[in-house]
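Here's a quick briefing for anyone meeting this structure for the first time. Take a look at the model below, then read on.

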Amino acid sequence: MAKPSPGVNQVLVEVAATSVNLSDWEGLTGTPMYARIGGLRAPKRRVLGSDVAGRVTAVGSGVSRFRVGDEVYGDNLSLLGGFAEYVVVPVAALALKPAELTFAQASALPQSGAIALQGTAGARRGRRVLINGAGGGSGSFAIQLAKRAGAHVTGVDNAGKLDFMRSLGADHVVDYATSDFTRLEPFDLILDLVAHRSVFAYRRAVARGGRYLCVGGTVRSVLRVVTVGAALGVVTRRRLGLLVARNGPAYFEPIAERCLTGELEIRIDRTFPLDRAAEALAYLGAGRALGKVVVTV
């Protein structure tokens, strides 16, 4: 492919690392159906990959925040293109990379960290928090954030991730294949990264005055949460809704700062070279990743 050129308020980044997110896998497979928005028969963007880290090699008109040679990172969700040697990124999506972080570490933060930060905002001492899909990228940060806030944390994922979730600080871990977390004791906050159950089951799992937030999942589950779930919440004082996570430096730089102080760990399971990006996507899509998966150039 030809090297792209930055437009107004954009920069061209020579990619050093791009982390793989569930949104990349969904965009590749077209599942759930909302992943086909803007690209019914094929991905809207031919090159996937949103969480990028690298060096600025050219700047478009109107750019004053960055210069050629700056090391940057960010979530390029609007344009994608990270699984490549060069990518165009809007200035608003980027921040200067802390020198203490490697490019791989920096690429692991923007999307997963922002989701985890916003999804665990209600965690605090004395609260019981459950994270479904806790062994993946966002989940690995969410466990740590909720635990740091003083909450009692339950992590749910497959059997191969139980020890990993414990190592992140989870007080209790659940294998979703053998136990239904919606039949455990009610929780004050549930962050569901892979919603696929009945909205009535989710209501049952939330304590009175508590909150359930889903980030992704099947179309049916998500729609029922934002419609039936919202109505049930008014009646039962159990709030059920969709977490529409905001992205940008304001939401991932706080995570980076806490990683630099040692409060949070960046867990990278595996790195793949660019010519094996397909394997990286398949590895994450199979649910095997313990934390983050990164593609390096």
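β7 and β8 run parallel to each other and pair over four bridges; two strands count as paired if DSSP finds at least two bridges between them. Keep in mind that this is a predicted model, where local features need pLDDT of at least 70, side-chain atom pairs count only at pLDDT 80 or more, and totals for chains, interfaces and linings use all residues. Residues are numbered from 1 along each chain as its sequence is written, and side-chain values use heavy atoms, with hydrogens and water left out.

**The sheet**
- Val156 has Val174 of β8 as its bridge partner.
- Six strands make up an open sheet, in the order β8-β7-β6-β9-β10-β11, and the pairing is parallel.
- At the edges sit β8 (172-175) and β11 (239-242), each pairing on one side only.
- Neighbouring strands here are turned by 15 degrees against each other on average, direction ignored.
- Strands (E, at least two residues) and helices (H or I, at least four) are DSSP runs, numbered from the N terminus.

**Helices on the sheet**
- α4 packs on the sheet and touches β6 (128-132), β7 and β9 (187-192), with its direction at about 175 degrees to that of β6.
- α7 also packs on the sheet, touching β10 (206-214) and β11, and its direction makes about 155 degrees with that of β11.
- These angles run from 0 to 180 degrees between N-to-C directions, using axes that are lines fitted to C-alpha atoms, for helices over the stretch in contact.

- Thr154 lies in strand β7 (residues 152-157) and is buried, with a relative accessible area of 1%.
- Buried means under 20% relative accessible area, exposed means over 50%, and partly exposed is in between (1.4 Å probe, protein chains only).
- Setting aside neighbours within four places in sequence, Thr154 is in contact with Val129, Leu130, Ile131, His172, Val174 and Phe187; contact means heavy atoms within 4.5 Å.
- Thr154 and Phe187 are 33 residues apart along the chain, yet their C-alpha atoms are separated by 9.3 Å.
- Ser140, in helix α4 (residues 137-148), is buried with a relative accessible area of 1%.
- Beyond its neighbours within four places in sequence, Ser140 is in contact with Ala134, Phe164, Leu168 and Gly291.

**Out towards the surface**
- Val226 belongs to helix α7 (residues 219-236) and counts as partly exposed, at 36% relative accessibility.
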